[in-house]
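Work through the exercises below with the sequence and the model open. Each task is followed by a solution in steps.

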Amino acid sequence: MSSLPDAVEALIEELTRLPGIGRKTAQRLAFHLLKYRADAPRRLAEVLESVARDVTFCPRCHNLAEGGELCKICANPRRSPSVICVVETPTDMLAIERTGAYTGGYHVLGGSINPLEGVGPEDLSVDALLARIDEEKVEELILANNATLDGDTTALYLARLVQPKGIRVTRLARGIPMGGDLEFADEHTISRALQARTEFDG
Ligand SMILES: [Zn+2]
């Protein structure tokens, strides 16, 4: 039996549903919010309310958007429509955006194919991607799926579907990170780095 009010218990319970948040952290977050009385919980409630009400998926690339409109990247006329970078999640897209080195568009798949967990292509936005390739003047598809077994499986699946359409299909190069010691890299990384080796021009 908890000695806390039911409303506080319910808040802790909801917080523990978030990834990486255990019961103790959830308690700490809840008590932190309550320390400032009604103000902090009310602000958080308002933000969550507006997220639940207004956030939608971009009808074109499946990135997060607002009110059923195009996302900020699709709506930006300076982004090149001829290149689409396929990512698993909006977080992956943000990682590429942080580099400031990419000016094309994106397509957010919503995950990767994982037969063991019952995730097939029909659970991802694959059909929407194929439709875009047919409808838009796409010249290159960059497969930026994660460098995991599932990511590789999904990239291979997409490449086989898209290559017959005659557009350029590329995969992000990967290998030993800058400043990374070979001894700390896993076998998958080392074998991919070997496969993606380039001519030595130093
Ligand atoms: Zn979009």
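**Exercise 1.** Is the crossing of H5 and H6 left-handed or right-handed?

Solution. The model is a predicted one. In this model the crossing of H5 and H6 is right-handed. Next, take the geometry: H5 covers residues 126–135 and H6 residues 149–162, and the two pack at an angle of about 35° with axes 11 Å apart. Then list the residues in contact: H5 contributes Val126, Leu129, Leu130 and Ile133, while H6 contributes Tyr157, Leu158, Leu161 and Val162. Sorted by class, this contact has eight nonpolar residues, no polar and no charged ones.

**Exercise 2.** Identify the protein donors of the zinc ion and classify their arrangement.

Solution. The donors are the SG atoms of Cys58, Cys61, Cys71 and Cys74, lying 2.3 Å from the zinc ion. Along the sequence these donor residues follow the spacing C-x2-C-x9-C-x2-C. Now check the angles: four donors count as tetrahedral if all angles lie between 85 and 135 degrees. The four donor atoms here subtend angles of 102 to 116°, so the arrangement is tetrahedral. As for accessibility, cysteine 58 and cysteine 61 are both buried.

Technical notes: Residues are numbered from 1 along each chain as its sequence is written. This is a predicted model: local features need pLDDT of at least 70, side-chain atom pairs count only at pLDDT 80 or more; totals for chains, interfaces and linings use all residues. Side-chain values use heavy atoms; hydrogens and water are left out. Axes are lines fitted to C-alpha atoms, for helices over the stretch in contact, and angles run from 0 to 180 degrees between N-to-C directions. Helices (H or I, at least four residues) and strands (E, at least two) are DSSP runs, numbered from the N terminus. A crossing is left-handed if the near helix is turned anticlockwise from the far one by less than a right angle, and right-handed if clockwise. Contact means heavy atoms within 4.5 Å. Ala, Val, Leu, Ile, Met, Phe, Trp, Tyr, Cys and Pro count as nonpolar, Asp, Glu, Lys and Arg as charged, and the others, Gly among them, as polar. Donors are N, O and S atoms within 2.8 Å of the metal (3.2 Å for Na, K and Ca); water is not among the atoms, so sites may look incomplete. Four donors count as tetrahedral if all angles lie between 85 and 135 degrees; four count as square planar and six as octahedral if opposite donors are over 155 degrees apart and all others between 65 and 115; anything else is irregular. Buried means under 20% relative accessible area, exposed over 50%, partly exposed in between (1.4 Å probe, protein chains only).
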